[in-house]
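Reader: Could you walk me through this model slowly, one part at a time? I am still learning how to look at such things.

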Amino acid sequence: MTERPYWIAAGTVGWGAIVLLKAAELPQFDQYAYIGPGFLPSAVGAGLVLLGLMLAVQIRQGVPFEEQEAEDVSETHAVSYKALGFAAAACALPMLTMPKLGFVITCTGCFVLVAAAFKSERWLLNAAIGLAFSATSWWLFRKLGVQLGGFLPLLGV
Amino acid sequence: MDPITGLMHGFSIALQPQNLMWAFLGTFMGTAIGVLPGIGPALTIALLLPVTVYIEPTAAFIMFAGIFYGAMYGGSTTSILLNTPGESGAMMTALEGNRMARNGRGAAALCTAAIGSFVAGTIGTLGLTFLAPPIAELAFIFKPQDYFALMLLAFLSVSVVMGTSKVRGFVSLFIGLSLGLVGIDKATGQQRLTFGVPDLMDGVEMTVVLVSLFAIGETLYVASRYGMQKPNLNPLAGGIWMTKEDWKRSWKPWLRGTFFGFPIGALPAGGAEIPTFLSYTVERKLTKHPEEFGHGAIEGVAGPEAANNASAAGVLVPLLTLGLPTSATAAIMLAAFQNYGLQPGPLLFINSGDLVWGLIASLYVGNLMLLILNLPLAGLWVRLLFIPRPYLYAGILIFSLVGIWGVSNSWVDLAMMFVVGLMGYAMRVYDFPIAPVLIGLILGPMAEVQMRRALAIGQGDPMVFVSTPLSALLIAIAFFVITVPAVLHWRRTRKIAQSEDISG
């Protein structure tokens, strides 16, 4: 069976349409520079819509979509949605906790979740390793001048 | 400054103890990430960008160049010993190199790869030393329309060459271009595509997009399809180093590989994959031992490895002289230049001579360091592969968060990391190339500036874009890059359709 991911074409057209709509609010031409702030956004938006439609035609014709090769990927490319869920949760977690709970706690959580996605479910051990690793990174990069916020913003540290 | 004086001056900078230390750090990290899966030179440099605030530019670029070269070396070590190419450029090396290792000739394969890389890297750097200044001089006469045509060609060729499908390549490019438009328009001060979010007024951070596409996308992808085979290490013990016969069979492939790698690396969308593949094919044709190919022919290691490293030097030519990035790593190095308020191009050689020549001289030093780091220590580097995968990928995510959160402590960046990360996952599943997104994101705004300048000079006449011989030539090439493959494809499908008609 050929997979027909029409949603990608729809997404491309959709994003192109948003860019086009936003570009329409801006002047397309300019007296001095000839090209106004809206000209390129219009062109890029139109290009995206066109490409999305071409993609839809290709999908209709049954163009194959082969997954890219990567290391550590199983030969059958069998998908585990549970693992994907854990990994996605790890990537979403910072949005919820980073401003309030700070870098170290957030990263400890991410560490445990990614480890779980890779089928390591020794939660306590992973949390301990994650905490040590996050705290070390926080300290080291702060020394190098990277601003990562407080250690524990809740406690005011 | 003529190349010799410049280079001598560069060595006086690169050989200062603290710069030697940065070069060592860079080559060390580069080798490590070349060995490790899931992390490559572009990502590493992106993650280190926030650090640049505290390091002076010369030191930072010496380190970045070390990472760039080092990753090429590290990739070959794992290809040979474990049949796992850490970098895409090392794919061809794995074919013959791993066979050699299985036949107990791993040491010889490592040796020819390392020495070949050294030879090619040094010749490539020589090419850079003597070619870059004249090209930079030439760039002085470039008009805005020439730059615009050059960027147009880069856009088109990147999208056509990378990946398997042109439509998908262009979708990637246009997504990058659209992200590049976000922010305040520099010419008119109007907000574009900011959706009223103040954090977006400065534009989309290159680091955030790059880290999300590479690190987050890769983590999601590998986690969902994880199936790790225990690394099956081919023992090095008992192997013999290169014999006289090996040397005799290696030196020509080294030189031929360099000959492919350097110029192709310097072309837009050249990259490392095409020259390594070409080199392998040519060595296979020219060899006196065709029966050995597929069973561990030393030429098949020596040639591609040399091509791989020479292409790394080639990539630096358009980057330093024209400010034109031709690969993901080059794009992120351009972003690093911009972080320092530097614009690569002809003026860089005049205004920041210390930096450019220090960087070029450090490439010679780095190459030598890599040879020393890699030859005796190959067995140690491979141990890195035994890091448990759960911790490796969790660590990569934490470093990504340092890079993303460290840029501006903005919640919007975290949200973008999630969304772009999911996009990176989908791009891997449905085989969309990633480099065009980055090239579009970083070159798009630059192309717009040149386009406006050209139009201002031409007083609004669109014919200005083909008004100089160079711009006309480049636009013509760009036109053919698009149309020739399309016409060939059309003719082929028509033939097939006709023959089906006849047989039907």
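Predicted model: local features only at pLDDT ≥ 70, side-chain atom pairs only at ≥ 80, totals over all residues.

Author: Residues are numbered from 1 along each chain as its sequence is written, and chains are lettered from A and ligands numbered from 1 in the order in which they are written.

Reader: ok, and how many helices and strands are in chain B?

Author: Chain B has 19 helices and two strands; these are DSSP runs numbered from the N terminus, with helices being H or I of at least four residues and strands being E of at least two. The radius of gyration of chain B is 23 Å, close to the 23 Å of the globule rule for 504 residues, so chain B is as compact as a globular protein of that length. That radius is taken over C-alpha atoms, and the rule is 2.2 Å times the number of residues to the power 0.38. Along its principal axes, the C-alpha trace of chain B spans about 75 × 70 × 50 Å.

Reader: what about chain A, what pattern does it follow along the sequence?

Author: Chain A has four helices and two strands, and their pattern along the sequence is α-β-β-α-α-α. Its radius of gyration is 23 Å, whereas a compact globule of 157 residues would have one near 15 Å. Of those 157 residues, 37% count as buried.

Reader: how many residues does each chain put into the contact between them?

Author: Chain B contributes 60 residues and chain A contributes 70 residues, two residues being in contact if their C-beta atoms, placed from the backbone, lie within 7 Å. On the chain B side, the elements giving two or more residues are α7 (166-181), α8 (206-224), α16 (389-408), α17 (411-429) and α18 (435-457). Of these, α16(B) gives the most, with 12 residues. The chain B side divides into 39 nonpolar, 12 polar and nine charged residues, where Ala, Val, Leu, Ile, Met, Phe, Trp, Tyr, Cys and Pro count as nonpolar, Asp, Glu, Lys and Arg as charged, and the others, Gly among them, as polar.

Reader: how do α8(B) and α18(B) cross?

Author: Their axes come within 11 Å and cross at roughly 180°, which makes α8(B) roughly antiparallel to α18(B). Axes are lines fitted to C-alpha atoms, for helices over the stretch in contact, with angles from 0 to 180 degrees between N-to-C directions; under 35 degrees counts as roughly parallel, over 145 as roughly antiparallel, 65 to 115 as roughly perpendicular and the rest as oblique. M206(B), V209(B), L210(B) and L213(B) of α8(B) meet V437(B), L438(B), L441(B) and I442(B) of α18(B), and the residues of this contact divide into eight nonpolar, no polar and no charged.

Reader: those numbers go up in steps of three or four a lot, why do residues three or four places apart point the same way?

Author: An α-helix has 3.6 residues a turn, so residues at that spacing point the same way.

Reader: switching to α2(A), what do its buried residues pack against?

Author: The buried residues of α2(A), among them F39(A), L48(A) and L55(A), pack against α1 (6-24), β1 (29-30) and β2 (34-35) of chain A, together with α7, β2 (191-192) and α18 of chain B. The 22 residues of α2(A) should span 32 Å at 1.5 Å a residue, and its end C-alpha atoms are 32 Å apart, which agrees; the expected span is 1.5 Å times one less than the number of residues.

Reader: and L50(A), is that one buried or partly exposed?

Author: L50(A), which lies in α2 (residues 39-60) of chain A, is partly exposed, with 16 other C-beta atoms within 10 Å. L50(A) and V13(A) are 37 residues apart in sequence, yet their C-alpha atoms are 7.4 Å apart in space.

Methods: Buried ≥ 20, exposed ≤ 12 C-beta atoms within 10 Å, placed from the backbone.
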